[in-house]
Amino acid sequence: MASIAAIHTLQAARARPAACSKAAGRSAHLCSRTLAASLQPGASRAPTALHAVAGAPPAATEPSANGAAAAAAAEAPAFADFPAPAPSQLVEDGRAFVEAHRIRGNEVGPDQRTNMISMAILLQEAASNHAVAMWGRSTEGFASDPSMSGLIFVMTRLQIQMERYPRWGDIIEIKTWFQEDGKLAAQRDWLVTCKSTGEAIGRATSTWVMINMQTRRLIKFPEVARQKCAAFQLVPPRHAIQREYTRQKLPELGLPAEIVGPIQVARRSDMDMNGHVNNTTYLAWAMETVPSDIYHGAHLYQIEIDFKAECHGGDLVESLAGRCDTHNLLSQNGAGPQPLSFVHVLRRCQGENCTELVRARTTWRALESASELSD
């Protein structure tokens with residue numbers, strides 16, 4: 001049951017205009033404000049049986065002017081309708097894929113904003129749907145061609161930059177594309193924009209290789225796979241993040257680690273279609289080692305993550321972290337002055353024998369003011 005304080009808070013929120021905000025002039029609110037402005041209140045509705053059950057039976061006589069206005073205000077919906085996200089589709093002569101998504105309640109935190117983990121999940125979903133659009137639905141893992149039985153693509157590296165995290169209810173558009181990256185790998189990029197304003201709020205790049213599902217070993221792309229990919233990849237190549245700002249070597253973590261997080265248990269529900277812990281789960285585990293004052297008081301601008309080994313259900317995983325230097329190039333690429341970076345390691349240990357599963361670096365940008373925490 002909702003508390004009295006919560007009810008008052010909800011009533012106060014409903015009483016405010018939809019486009020009202022403490023910082024209504026800030027560009028960071030454009031996506032949410034524009035969405036709210038596009039939803040016009042509908043006409044008053046007649047009382048229903050629900051009102052009678054709630055103790056407010058339909059009035060037998062016409063109420064006073066003030067009473068009528070109050071009744072109309074109480075019964076009018078905040079929004080008459082919601083604009084639907086546009087259908088997902090191949091664009092640019094079939095060489096890129098666009099998908100719109102409304103941010104849902106289970107994708108945000110207490111501040112009603114998404115985080116790096118929920119954004120990584122959305123990027124993964126767009127990539128998988130792009131593969132389905134090109135080749136059809138596969139029964140063997142993410143982003144796989146169903147005609148190539150036993151062969152799957154797996155991600156070995158991911159880098160995400162977020163200028164701003166969208167709010168609950170915002171509609172974002174994710175564009176993704178891929179291109180060859182040498183003889184053994186492919187590169188997939190993403191661009192995230194606010195649908196209502198066209199503002200670019202995030203970008204990402206990743207590296208993928210092909211493995212044999214039975215042997216779990218890396219293989220060269222079969223010639224037929226190269227030919228099929230050539231029909232869909234961008235020409236010339238395009239990079240969401242400039243190449244000089246990507247693929248920077250991640251530093252070693254000194255032991256004993258500065259920060260020791262909780263031991264994580266790989267649950268059966270963490271397994272994905274490829275038969276191992278999903279990549280986004282590793283991100284969530286790594287976030288548990290970020291100091292609370294940094295996690296809640298700074299902006300996570302970038303994560304770089306190398307996936308080194310598989311993890312399966314029942315495995316126990318150590319979460320370690322420590323502060324590290326921020327690469328000079330990153331300060332020029334959006335991290336701002338005096339960013340703070342951490343190196344994260346997830347490893348599976350059996351006695352003294354440890355296998356590094358993931359190494360990551362998070363870079364945090366200082367907020368300009370305390371008000372940015374609630375903007």
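A nonpolar core is a set of buried Ala, Val, Leu, Ile, Met, Phe, Trp, Tyr and Cys residues joined through side-chain atoms within 4.5 Å. Buried here means under 20% relative accessible area, with exposed over 50% and partly exposed in between (1.4 Å probe, protein chains only). The model is predicted: local features need pLDDT of at least 70 and side-chain atom pairs count only at pLDDT 80 or more, while totals for chains, interfaces and linings use all residues. Residues are numbered from 1 along each chain as its sequence is written, and side-chain values use heavy atoms, with hydrogens and water left out.

**Overall architecture and cores**

The protein holds 9 helices and 13 strands; these are DSSP runs numbered from the N terminus (helices H or I, at least four residues; strands E, at least two). Of its 375 residues, 44% count as buried. Among contacts (heavy atoms within 4.5 Å) with a separation of 6 or more, 71% are between residues 24 or more positions apart.

The largest nonpolar core has 57 residues, of which Ile-160, Trp-190 and Tyr-282 touch the most other members. Helix α5 supplies the largest share of this core, 11 residues. Apart from it lies another core, of 6 residues, including Leu-253, Leu-320, Val-343 and Val-345. In soluble globular proteins, nonpolar side chains tend to be buried together.

Helix α5 comprises 20 residues (116–135) and reaches 29 Å from its first C-alpha to its last, close to the 28 Å expected at 1.5 Å a residue; the expected span is 1.5 Å times one less than the number of residues. Because 15 of its 20 residues are buried, α5 is largely enclosed by the rest of the structure. At its start, a side-chain oxygen of Asn-115 comes to within 3.0 Å of the backbone nitrogen of Ile-117. The residue following α5 is Gly-136, with a positive phi near 95 degrees.

Helix α7 is mostly covered, with 8 of its 9 residues buried; among them are Asn-279, Thr-280, Tyr-282 and Trp-285. Leaving aside residues up to four places away in sequence, Tyr-282 touches Val-277, Ile-305, Phe-307, Ala-309, Glu-310, Cys-311, Leu-346 and Val-358.

**Aromatic and charged groups**

There are 5 aromatic pairs in the structure. Rings of Phe, Tyr and Trp (its six-membered ring) pair if their centres lie within 6.5 Å; planes under 30 degrees apart count as stacked, over 60 as edge-to-face and the rest as tilted. Two of these pairs are set out below.

| Pair | Centre to centre | Angle between planes | Class |
|---|---|---|---|
| Phe-153 and Phe-221 | 5.5 Å | 90 degrees | edge-to-face |
| Tyr-282 and Phe-307 | 6.1 Å | 45 degrees | tilted |

Phe-153 lies in strand β3 and Phe-221 in the loop between β7 and α6, 68 residues apart. Tyr-282 in α7 and Phe-307 in strand β10 are 25 residues apart. Phe-153 and Phe-221 are both buried, as are Tyr-282 and Phe-307. Ring pairs also link Trp-135, Phe-153 and Phe-221 into a cluster.

The charged end of Arg-238 sits over the ring of Trp-177, 5.4 Å from its centre; this requires NZ of Lys or CZ of Arg within 6 Å of the ring centre and within 35 degrees of the ring normal.

**A buried glutamine**

Gln-302 is found in strand β10 and, at 1% relative accessibility, counts as buried. Its side chain makes polar contacts with the side chains of Gln-159 at 2.8 Å and Gln-161 at 2.7 Å. A polar contact is a pair of N or O atoms within 3.5 Å; within protein, one must be able to donate a hydrogen and the other to accept it, and residues adjacent in sequence count only if both atoms are side-chain atoms.
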